[in-house]
Amino acid sequence: MTAVQIAPPATPSSAESASRKDASREPPPRREAPRERAKGWDRLWVALFMAPFLLLYIGFTMWPLVATVYYSFFDWSGSGPMDNYVGAGNYRSILGDGLFWLAVANTLIFAVLTTAIKLPLSLVVAVLFTRKWLRGKRFFRTVFFAPLIIPVAMAGLVFTYLLNPSNGALNAILRDLGIIDESVDFFASRWSSLLALVLISVWQVFGQYVIYWMAAIQNVPDELYEAAEIDGASEWKKLTRITLPIIKPVAVIILLLGLVNAMHLFGLVVTLTGGGPGTSSYVVSYFIYEEAFGSLPFSYGYASAAALLFSVIAFVIVMSQGFFVRRAQKLRKEYGV
């Protein structure tokens with residue numbers, strides 16, 4: 001009989017044992033904490049605290065939205081019974097209304113120009129305000145933020161006097177300096193009036209976007225800046241290689257917020273241009289106002305349809321925010337923050 005030899009058990013190699021030890025040291029996967037739900041009397045308290053907000057939200061947001069959709073299907077003047085149902089007639093008329101599309105074009109041009117000016121400038125100012133070596137930060141913050149608390153109508157009236165071609169202060173200063181020989185009417189053409197509206201709007205809301213950028217920049221870890229200083233990085237490289245990539249998700253939100261807010265232009269047009277010269281500086285908000293309340297008989301249903309069509313354009317812009325934010329978040333993870 002031949003003896004059967006039994007092989008000794010294989011001993012794991014040093015590499016395998018090390019990998020097993022590393023695997024054993026890995027933290028267990030995180031589990032989300034179970035959400036606590038209100039029970040008993042807590043539900044009543046939650047309902048009581050939520051009731052005022054829900055009432056205001058339904059009364060001032062949901063109901064006007066539903067009513068606007070309903071009114072848009074009627075040829076209604078805003079008073080009396082709604083008995084002239086036109087269906088999609090208001091929408092067909094608006095699609096062929098050249099003045100509406102001029103207002104849409106002016107609104108988009110204003111929004112793009114305003115955003116292209118105010119966001120880069122406010123970013124530069126915010127970067128300066130977050131630097132430790134800058135003195136007098138509180139004073140400068142007050143100077144930039146002060147125009148924001150001025151009502152839009154009052155700001156429009158002030159600039160009406162400043163830019164008046166006959167006795168305005170700006171024309172007088174330019175003549176005294178010898179820059180111009182004759183007074184300039186800043187609201188004489190479509191493009192000059194739009195540019196004036198853009199610059200005045202930037203002046204007024206500039207401080208608001210400085211605050212947005214400062215809030216985003218202050219969330220950047222200081223360790224990254226310290227490491228960059230050790231490596232001898234310049235301020236420009238800190239901005240382009242550290243600050244901008246990390247705040248990119250917030251920057252996308254600020255960008256879209258600036259676009260959407262700029263589309264609500266109304267007060268400056270009413271006080272400065274009145275839609276003129278002629279109808280060349282009409283924006284959508286002013287077009288809706290003129291159709292609803294500008295002349296008798298009021299076209300309340302027509303104005304409601306115009307408001308809904310433009311809301312669809314703004315909705316598409318807002319919905320694009322999610323796509324760009326997700327892409328920015330992926331890039332931010334590459335930096336480990």
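Mentor: Start with helix 10, residues 235-246. Lys-238 and Glu-235 both sit in it, three residues apart, about one turn of the helix. Keep in mind that this is a predicted model.
Trainee: What do the side chains of Lys-238 and Glu-235 meet in?
Mentor: A salt bridge, at 3.5 Å from N to O.
Trainee: Which other residue forms a salt bridge with Lys-238?
Mentor: Glu-229 does. The closest N and O atoms there are 3.1 Å apart. That links Glu-229, Glu-235 and Lys-238 in a network of salt bridges.
Trainee: How many salt bridges does the count come to?
Mentor: Two.
Trainee: Is Lys-238 buried or exposed?
Mentor: Buried, with a relative accessible area of 6%. Glu-235 is partly exposed, at 40%.
Trainee: New topic. Where does Thr-130 lie?
Mentor: In the loop between helix 4 (98-129) and helix 5 (137-145).
Trainee: What lies 2.8 Å from a polar atom of its side chain?
Mentor: The backbone oxygen of Val-127.
Trainee: And leaving aside neighbours within four places in sequence, what is Thr-130 in contact with?
Mentor: Lys-137, Met-214, Ile-217 and Gln-218.
Trainee: Take Gln-218. How many residues apart along the chain are Thr-130 and Gln-218?
Mentor: They are 88 residues apart, yet their C-alpha atoms are separated by 7.3 Å.

Conventions:
Residues are numbered from 1 along each chain as its sequence is written. This is a predicted model: local features need pLDDT of at least 70, side-chain atom pairs count only at pLDDT 80 or more; totals for chains, interfaces and linings use all residues. Side-chain values use heavy atoms; hydrogens and water are left out. A salt bridge is a side-chain nitrogen of Lys or Arg within 4 Å of a carboxyl oxygen of Asp or Glu. Buried means under 20% relative accessible area, exposed over 50%, partly exposed in between (1.4 Å probe, protein chains only). Helices (H or I, at least four residues) and strands (E, at least two) are DSSP runs, numbered from the N terminus. Contact means heavy atoms within 4.5 Å. A polar contact is a pair of N or O atoms within 3.5 Å; within protein, one must be able to donate a hydrogen and the other to accept it, and residues adjacent in sequence count only if both atoms are side-chain atoms.
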